[in-house]
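Here is a short note to read beside the model. Please keep the structure open and check each point as you go.

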Amino acid sequence: MARRRARGEGSIRKRKDGRWEGRYSIGRNSETGKLIYKSVLARTQSECKNKLHEALTEQHEKEIKERQSQTKAASELYDLKKQSYSVEQWLKVWYELYSKNNLKETTQEQYTYFIHNILIPRIGKMPLDQVSGFTLQKLYQDLLTNGRTRTRKSATGLSPKTIKGVHGLLRSSFDQAVRAGFISENPTLNCKPPKLEKKEMKVIQSEKIGEYLQAADARNVLPLFFLELTTGLRKGEILALLWTDLDIEKRSITVSKSVTRLHGELKVNTPKTQHSVRTIVIPQQAVDLLQQEHNLHPDNPYMFPSPKTGTMYSPETVLRIHKRILKDAGLETCRFHDLRHTFATLALENGVDIKTLSETLGHYSSSFTLDVYTHVTTKMQQEAAEKVGQYMKMNF
């Protein structure tokens with residue numbers, strides 16, 4: 001009885017074309033698990049055996065080298081884990097290897113500033129494994145009182161929002177350090193960044209909106225601000241709109257990009273989050289105004305081109321125009337972002353459901369929308385309770 005070949009010996013057969021073929025396995029496909037084969041060809045059986053033996057010897061030596069390489073890599077990794085990183089060294093490694101490629105350019109700029117201008121000067125020399133929650137708590141307190149590095153304002157401390165951003169960066173970097181085995185616990189779990197200051201939400205009262213829009217019309221920017229007050233788009237989203245984003249028949253606008261200033265230049269990126277990419281239905285009056293606006297510059301791709309440059313308005317220019325409109329209309333000062341709040345408040349007060357409003361605003365969840373506009377929904381619940389109470393009183 002013929003001897004069964006051992007694993008790795010290969011096999012020899014004579015092909016129909018008269019040549020001899022030796023087949024041998026070089027491993028398995030990582031996805032399917034099936035064996036991967038290679039072949040050698042020869043004119044005679046003896047020559048084929050010799051070629052197969054050489055191929056198997058070469059394959060065997062290759063496998064030995066791979067195992068040695070893996071062992072060496074594991075050894076180096078072990079030595080690396082024994083290495084003591086400083087905070088500065090680890091933040092630079094973490095940013096380049098794990099973080100940078102997953103961030104938008106604006107966030108890259110922010111993280112670079114946090115690392116090089118805030119963290120490295122203060123705790124960069126500390127050994128990574130000696131950073132504690134108490135260390136970070138003292139750091140946040142210092143930043144809150146005298147953390148400013150690039151402003152001439154009289155205030156010397158960083159805002160709670162900025163410190164929370166620093167905290168988020170540290171949390172992510174220390175999480176990775178834990179997974180890599182450099183530290184045993186994430187120190188950010190044992191400290192608390194300062195609470196965010198909730199800015200007062202100002203809205204233009206419904207009876208004053210007409211005055212605001214009339215002032216916008218007098219400055220020849222009515223379509224832009226009318227659209228803002230009927231959609232609640234973010235500043236960067238509305239300025240990045242192209243004429244092709246408008247579907248006249250469906251009365252809708254597709255929001256798929258946003259403009260911001262990066263390194264002194266305007267940069268168009270994807271919107272804030274994946275939920276910000278959306279299609280919004282707009283009133284017919286808004287469509288009519290947009291068509292009138294487009295007739296003024298039919299060959300320009302931007303929905304709202306600057307009359308000076310022909311390109312999109314800069315965020316700073318629109319903020320200045322907004323302030324002038326408020327002044328012309330004799331209205332209280334409010335941020336451009338408060339026009340978004342004005343739209344949301346009016347929508348809720350006029351019966352638009354939370355889910356629809358949340359999708360229109362590009363929020364990630366209806367619960368977030370509820371949290372932002374609690375003051376409006378609470379008032380609506382009180383009014384609803386009064387109506388139900390009056391109804392029950394009349395019918396009982």
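**Notes on the fold**

1. Ser252 stands opposite Val281 in strand E8. Ser252 itself lies in strand E5, residues 252-255. Helices (H or I, at least four residues) and strands (E, at least two) are DSSP runs, numbered from the N terminus. The model is predicted: local features need pLDDT of at least 70, side-chain atom pairs count only at pLDDT 80 or more, and totals for chains, interfaces and linings use all residues. Residues are numbered from 1 along each chain as its sequence is written, and side-chain values use heavy atoms, with hydrogens and water left out.

2. Is Ser252 buried or exposed? Ser252 is buried, at 7% relative accessible area. Buried means under 20% relative accessible area, exposed over 50%, and partly exposed in between (1.4 Å probe, protein chains only). Leaving aside neighbours within four places in sequence, Ser252 touches Asp245, Leu246, Asp247, Thr279, Ile280, Val281 and Ile282. Contact here means heavy atoms within 4.5 Å.

3. Now the sheet around this residue. E5 and E8 pair in the antiparallel sense over 4 bridges. Two strands pair if DSSP finds at least two bridges between them. The open sheet has 3 strands in the order E4-E5-E8, with antiparallel pairing. Strand E4 (246-247) and E8 are at the edges with a single partner strand each, so one side of each has no neighbour in the sheet.

4. Look next at Thr273. This residue sits in the loop between strand E7 (265-269) and strand E8 (278-281). Thr273 counts as partly exposed, at 33% relative accessibility. Thr273 and Tyr364 are 91 residues apart in sequence, and their C-alpha atoms are 7.9 Å apart in space.

5. How do helices H3 and H5 cross? The axes of H3 (residues 105-123) and H5 (residues 160-180) come within 11 Å and cross at roughly 95°. That makes H3 roughly perpendicular to H5. Axes are lines fitted to C-alpha atoms, for helices over the stretch in contact, and angles run from 0 to 180 degrees between N-to-C directions. Angles under 35 degrees count as roughly parallel, over 145 as roughly antiparallel, 65 to 115 as roughly perpendicular and the rest as oblique. On the H3 side, Tyr111, Phe114, Ile115, Ile118 and Leu119 meet Thr162, Gly165, Val166, Leu169 and Leu170 of H5. By class, this contact has 8 nonpolar, 2 polar and no charged residues. Ala, Val, Leu, Ile, Met, Phe, Trp, Tyr, Cys and Pro count as nonpolar, Asp, Glu, Lys and Arg as charged, and the others, Gly among them, as polar.

6. Phe225, Glu228, Leu229, Thr230 and Thr231 in H7 meet Leu339, Arg340, Thr342 and Phe343 in H11. The contact of H7 with H11 has 4 nonpolar, 3 polar and 2 charged residues.

7. Last, the rings. The whole structure holds 9 aromatic pairs. Rings of Phe, Tyr and Trp (its six-membered ring) pair if their centres lie within 6.5 Å; planes under 30 degrees apart count as stacked, over 60 as edge-to-face and the rest as tilted. Tyr85 and Trp90 have ring centres 5.7 Å apart and planes at 65°, so the pair is edge-to-face. Both Tyr85 and Trp90 are buried. Ring pairs link Tyr85, Trp90, Tyr98 and Phe182 into a cluster.
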